[in-house]
Amino acid sequence: MKPKVVLTHWVHPEIIELLQGVAEVIPNTSRDTLPREEVLARARDAQAIMVFMPDSIDDAFLQACPQLKIVGAALKGYDNFDVAACTRRGIWFSIVPDLLTIPTAELTIGLLLGLTRRMLEGDRQIRSSGFQGWLPQLYGTGLTGRTIGIIGMGAVGRAIAQRLAGFDMQILYCDHVALPTEQSAQWNARQVELDELLAASDFIVPMLPMTPETLHLINADTLARMRPGSYLVNACRGSVVDEAAVVAALASGRLAGYAADVFELEEWARPDRPRAIPQALLDNPAQTFFTPHLGSAVAEVRLEIERQAACNIIQALNGEAPAGAINRPGRKTAT
């Protein structure tokens, strides 16, 4: 019998065909997130499972799926998954590390432009008021000559800086690793401490993974240290930003605007996560601009992410080390 592979979310048909060459595939043919109980029911006798952003796998899940050989993640961030438990149980855990960088950087810049130039407000006005031509209205903020602060100069932070260099901006960044001198000069980028970045930046972009240290890094205290009238854009992880504190900062005028592609409600492994976006943010279209987690939603990119996740699974089922593995499991331990 072929090994069984469970796909927790919809994938392109060609990915199912690829996996069917080596396995019995149990797909999710809907575009919805299945309840955990349903995923678990499908995976109890599976040898592999392909997981996505809304999934959360812990040791209890793994214990109920004793035949698992690999958890193949079609994503880069993996804090929703207990990798140490996978390792203890002899299960590979693989990711797709590189394909999300450029799409996320592009979307971040789109959020920045859309928020500061009030594009969404303009779109709503056109659709609702019977546009008759130019009027002196909806004045926004340009990027040229302004200062942007990037908190975290990893791969995505560098991709953002590289693309913003063409806007003739001053780029401040906070990271424990400095950029090479040549890149700093090309991008007009300068490494600073967090306090200076907050106080000096017109626009602030956190670009950090979700860890205990980055949880609510942007909070009431850090917002109070920002330049009055600055803008905040979050396209990394929802819980890096305290959304309730953002509501207060927008109301006080400390923040001029907030754009986000990610939200606190998406931190499925966080027991105290909010279950909804604060209504005060949703009711404030003049100061906010939101997208529904579209960071990697480029058609060819999503297909390639799924393909690499599938190849990791195929390698594990063939007894090989997956190319995207981030652990090195030994033999399964007794449970």
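Let's start at strand β7 (residues 170-174): four of its five residues are buried, so the strand is largely enclosed by the rest of the structure. Buried here means under 20% relative accessible area, exposed means over 50%, and partly exposed lies in between (1.4 Å probe, protein chains only). Helices (H or I, at least four residues) and strands (E, at least two) are DSSP runs, numbered from the N terminus.

This is a predicted model, in which local features need pLDDT of at least 70 and side-chain atom pairs count only at pLDDT 80 or more, while totals for chains, interfaces and linings use all residues. Residues are numbered from 1 along each chain as its sequence is written, and side-chain values use heavy atoms, with hydrogens and water left out.

**Around β7**

Two strands pair if DSSP finds at least two bridges between them. Strand β6 (residues 147-151) runs parallel to β7, joined by five bridges; Ile 150 has Tyr 173 in β7 as its bridge partner. Strand β8 (residues 189-191) also pairs with β7 in the parallel sense, over three bridges, and there Ile 171 is partnered with Ala 189 of β8. From β7 the chain crosses through helix α8 (residues 181-187) to β8 in a right-handed β-α-β crossover. Another right-handed β-α-β unit is made by β6, helix α7 (residues 155-164) and β7. Right-handed means that, with the strands pointing away from the viewer, the path from the first strand over the helix to the second runs clockwise.

**Helix α7 and its cover**

The buried residues of α7 are Val 156, Gly 157, Ala 159, Ile 160, Ala 161 and Leu 164. Among the elements covering them are α5 (101-116), β7 and β9 (203-206). Thr 104 lies in helix α5 and is buried, with a relative accessible area of 10%. Contact means heavy atoms within 4.5 Å; leaving aside neighbours within four places in sequence, Thr 104 is in contact with Val 156, Ala 235 and Gly 295.

**Cysteines**

How many disulfides are there? A disulfide is a pair of cysteine sulfur atoms within 2.5 Å, and by this rule the count comes to zero. Two cysteines show the distances, each too far for a bond:
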